[in-house]
Amino acid sequence: IPPAGLGQILLQEPPGLAIGKVKLDTGEIVLGVIGEAIACQDQTEITQFGGWRAYIDSLQAISGVKDPVS
């Protein structure tokens, strides 16, 4: 993402989310969206789905709704 694009993303992030370093299973460290502990408290844990897109797909499969988040 070019620097200007990163700025746009950051401006749209809700409070409690930020860009930070994330360590992948491969050991590689990349930039990703991270959540402050207080912002994540009592929220759904989606690690088991392997990522946000797979989690959204699982909701769509259960509900039959095309986009359950919006």
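Trainee: How far apart are Trp 52 and Tyr 55 in helix α3?
Mentor: Trp 52 and Tyr 55 are separated by about one helical turn, because they are three residues apart in helix α3, residues 52-63. Helices here are DSSP runs of H or I with at least four residues, strands are runs of E with at least two, and both are numbered from the N terminus. The model is predicted: local features need pLDDT of at least 70, side-chain atom pairs count only at pLDDT 80 or more, and totals for chains, interfaces and linings use all residues. Residues are numbered from 1 along each chain as its sequence is written, and side-chain values use heavy atoms, with hydrogens and water left out.

Trainee: How many aromatic pairs does the structure hold?
Mentor: There are two aromatic pairs. One is formed by Phe 49 and Tyr 55, which are edge-to-face at 5.3 Å centre to centre, with 65° between the planes. The rings of Trp 52 and Tyr 55 make a tilted pair, with centres 5.7 Å apart and planes at 45°. Rings of Phe, Tyr and Trp (its six-membered ring) pair if their centres lie within 6.5 Å; planes under 30 degrees apart count as stacked, over 60 as edge-to-face and the rest as tilted.

Trainee: Which residues do the ring pairs link into a cluster?
Mentor: The cluster consists of Phe 49, Trp 52 and Tyr 55.

Trainee: And Tyr 55, is that buried or exposed?
Mentor: Tyr 55 is buried, because its relative accessible area is 13%. Phe 49 is partly exposed at 30%. Buried means under 20% relative accessible area, exposed over 50%, and partly exposed in between (1.4 Å probe, protein chains only).

Trainee: New topic: how do β1 and β2 run?
Mentor: Strand β1, residues 17-23, and strand β2, residues 29-35, run antiparallel and are joined by seven bridges. Two strands pair if DSSP finds at least two bridges between them. Lys 23 stands opposite Ile 29 in β2.

Trainee: What lies between the two strands?
Mentor: β1 and β2 form a hairpin with five residues between them, and Gly 27 in the turn has a positive phi of about 95°. Gly 27 is partly exposed, with a relative accessible area of 35%.

Trainee: Which residue other than glycine has a positive phi?
Mentor: Asp 42 has one, with phi near 65°. Most residues other than glycine have a negative phi. Asp 42 is placed in the loop between α2 (37-40) and α3, and it is exposed at 75% relative accessibility.

Trainee: What about the largest pocket, and which residues lie nearest its centre?
Mentor: Leu 17, Val 33, Ile 46, Gly 51 and Trp 52 lie nearest the centre, out of 24 lining residues. The elements that give two or more residues to this lining are β1, β2, α2 and α3. The largest share, six residues, comes from β2. On a 1 Å grid over the protein atoms alone, a pocket is an open set of points where a 1.4 Å probe fits, with protein on both sides within 12 Å along at least five of seven lines, and lining residues have an atom within 4 Å of a point.
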